[in-house]
Amino acid sequence: MGGYGALKCVLTNPENYNTCCAFSSSCLFIKEDLERSEGSKNFKELYGNALFKDFQAIFGENIQWNPQEDVIELAKNTAKKEEKPFIYISCGNDDFLLNDNKRFYQKLKDLDYNVKFKQSEGNHNWQFFDNALKNALEYCFKEDE
């Protein structure tokens, strides 16, 4: 849940951050997911037991939508601010969250964020996350040419 957590932090308190890097983030379209799964009833089937428990920790035992926990709603609110943080998003080619991460990237672009999306080899695992972190640090701290 690190990608979601990083995004939630930066979009809740953008004045405290300059940059956010989020890898293979989940919960990006939580409202849609809840509507599609008819609330938490089918949510476990949609995401599996492990993620279901993570979602319960964030959204409550019954997994109910809350705009203060929704990164899309937070991004809309932060978009109204003059200064917004830079957001770097990365996801693997074989990750089940790839389409949501691409959609979120486009949503941020539409909201006029300075955002970068990097898609690379990998899946939702530590090997991908290690490489994504290396790539993000190289991108964010590259020397001006």
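## Strand pairing around β2

Two strands are taken to pair if DSSP finds at least two bridges between them, and helices (H or I, at least four residues) and strands (E, at least two) are DSSP runs, numbered from the N terminus. In this predicted model, local features need pLDDT of at least 70 and side-chain atom pairs count only at pLDDT 80 or more, whereas totals for chains, interfaces and linings use all residues. Residues are numbered from 1 along each chain as its sequence is written, and side-chain values use heavy atoms, with hydrogens and water left out.

Strand β2 is joined to β3 (residues 115-120) by 6 bridges, the two running parallel, and to β1 (residues 19-23) by 5 bridges, again in parallel. Within these pairings, cysteine 91 has glutamine 119 of β3 as its bridge partner, while phenylalanine 23 stands opposite serine 90 of β2. In a regular strand the side chains alternate between the two faces of the sheet. Both faces of β2 are covered, with Phe86, Tyr88, Ser90 and Gly92 on one side and Ile87, Ile89 and Cys91 on the other, all of them buried, where buried means under 20% relative accessible area, exposed over 50%, and partly exposed in between (1.4 Å probe, protein chains only).

## Nonpolar cores

A nonpolar core is a set of buried Ala, Val, Leu, Ile, Met, Phe, Trp, Tyr and Cys residues joined through side-chain atoms within 4.5 Å. The largest such core has 33 residues, and those with the most contacts inside it are Leu7, Leu11, Ile87 and Phe104; helix α5 (residues 71-79) gives the most to this core, with 5 residues. Apart from it lies another core, of 7 residues, among them Phe23, Phe128, Phe129 and Ala132.

Not counting residues up to four places away in sequence, leucine 11 touches Val71, Leu74, Ala75, Thr78, Ile87, Phe104 and Tyr113, a contact being heavy atoms within 4.5 Å.

## Salt bridges

The structure holds 3 salt bridges, each defined as a side-chain nitrogen of Lys or Arg within 4 Å of a carboxyl oxygen of Asp or Glu. One of them joins glutamate 69 and lysine 8 (3.3 Å, N to O) and links distant parts of the chain, since glutamate 69 is in the loop between α4 (49-59) and α5 and lysine 8 is in helix α1 (residues 2-12), 61 residues apart. Lysine 8 counts as partly exposed, at 22% relative accessibility.

Glutamate 32 and arginine 103 meet in another salt bridge (2.8 Å, N to O); glutamate 32 lies in helix α2 and arginine 103 in helix α6, so this pair ties together parts that are 71 residues apart in sequence. Both ends are partly exposed, glutamate 32 at 37% relative accessibility and arginine 103 at 38%. By contrast, lysine 76 and glutamate 73, whose side chains form a salt bridge (3.4 Å, N to O), are 3 residues apart in helix α5 and therefore separated by about one helical turn.

## Aspartate 95, a buried charge

Aspartate 95 is placed in the loop between β2 (86-92) and α6 (98-110). This residue is buried yet has no salt bridge, and the nearest side chain of opposite charge, lysine 102, is 12 Å away; here Lys and Arg count as positive and Asp and Glu as negative, while His and the chain ends are not counted.

The side chain of aspartate 95 does reach the backbone nitrogen of leucine 97 at 2.7 Å. Leaving aside neighbours within four places in sequence, aspartate 95 is in contact with Ser24, Gly122, Asn123 and His124.

Technical notes:
A polar contact is a pair of N or O atoms within 3.5 Å; within protein, one must be able to donate a hydrogen and the other to accept it, and residues adjacent in sequence count only if both atoms are side-chain atoms.
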